[in-house]
Amino acid sequence: MICEELLATVRRANRVVVFTGAGVSAESGVPTFRDAQTGLWAKFDPTELATPDAFHRDPALVWGWYEWRRAAVLRAQPNRAHRAIAAMARHVPTLTVITQNIDDLHERGGSREVVHLHGRLERPYCNQCGEVRTLAPPVAGVTGEGRRMNPPTCTRCDGRVRPGVVWFGESLPEREWFAAKKAASECQVFFCVGTSSLVYPPASLPRIAGEAGAATIQVNPSPTEMDGEVTWDILGAAGSVMPEILKRAWDANL
Ligand code: BV8
Ligand code: ZN
């Protein structure tokens, strides 16, 4: 579990990266990306829905899925993991949060300048002219099992508004990906929290950090692709492990 050497390494680090996936939001009640989708989405593989083709083929199905997820995020609260990660930044000279998640729970949990590699739910934009669209709270009916919904039309041109996320087959935003690789290659400690480490290129970040000499720490209750490749493997939920590291490394409480 969390040994003294791990705590000493975290304490003396100047630069720490916390890289997160859907698992960090699981204890907020937001379904992870590969959790069994419920209701209307149960019969879809998320990796098939999160693609430009799916949106082109059936925009209402994909837009409805993202509105259902946006409603779930709006109902959710940041959990103890989000808050502990934000609190750690007060004890480390430079702490960078890099997330694959499209929710805003790190920000609502107190983290600043979060690097979003896969975009953000609340930043949809026009497929044609790129205008970012500010959305009203999702339609009440979306909360339950979700349903198909037509995406809005752009206010500036006649383009279709699309979710502001990076789909499979799409490139990561250059600025964010460059910042993530730079932070991973310069840190002394790299946390990998709540990700199955299946999606590339983000899943290459822990290796970039390890090869540059950082201590890598995985926090996940289940086995992942990174098992055996990290310096320390902490088998546990982020909402318990991250507050425990905060407490034992700096005697700080949430
Ligand atoms: C690209 C946004 C290239 C949308 C997402 C090799 C190199 C480059 C690309 C590829 C490659 N091999 C394959 C590819 C293609 C593809 C890919 O990686 N496919 C995978 C499936 C094999 N990659 C891409 O297409 C990427 N683009 O490479 O472009 C390119 C080059 C030139 C020109 C054009 C293109 C883009 C990928 C981005 C896809 N978009 N999301 C949306 O969210 O709807 S990815 C999606 O998966 C989510 O962002 C999610 O976050 C991400 C990763 O999943 P996880 O976060 O890990 O979530 P998951 O459910 O899998 O796991 C949750 C974990 O939490 C579990 O391990 C669980 O045990 C744990 N957990 C549960 N509870 C807790 C917990 N942990 C801690 N505490 C708990 N309480
Ligand atoms: Zn437009």
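**Backbone geometry and the ligand shell**

Modeller: Pro201 is found in the loop between strand 6 (189-193) and helix 8 (205-211); helices (H or I, at least four residues) and strands (E, at least two) are DSSP runs numbered from the N terminus. The model is predicted, with pLDDT of at least 70 needed for local features and 80 or more for side-chain atom pairs, while totals for chains, interfaces and linings use all residues. Residues are numbered from 1 along each chain, chains are lettered from A and ligands numbered from 1 as written, and side-chain values use heavy atoms, without hydrogens or water.

The peptide bond joining Tyr200 to Pro201 is cis, with omega about 0°. Glu113, in the loop between helix 6 (105-108) and strand 3 (115-116), has a positive phi, near 50°. Most residues other than glycine have a negative phi, and most peptide bonds are trans.

Turning to ligand 1, 36 residues surround it (a heavy atom within 4 Å). The closest are Arg34, Tyr66, Arg69, Gly169 and Ser196. By class, the shell holds 19 nonpolar residues, 13 polar ones, with Gly counted as polar, and four charged ones. Helix 4 (residues 59-75) gives the most to this shell, namely three residues. Domain 1 (1-29 + 79-121 + 171-254) and domain 2 (31-75 + 125-162) each supply at least three residues.

Taken alone, ligand 1 exposes 1,500 Å² (Shrake-Rupley, 1.4 Å probe), of which the protein buries 73%.

Conventions. Domain bounds come from an automatic or database domain assignment.
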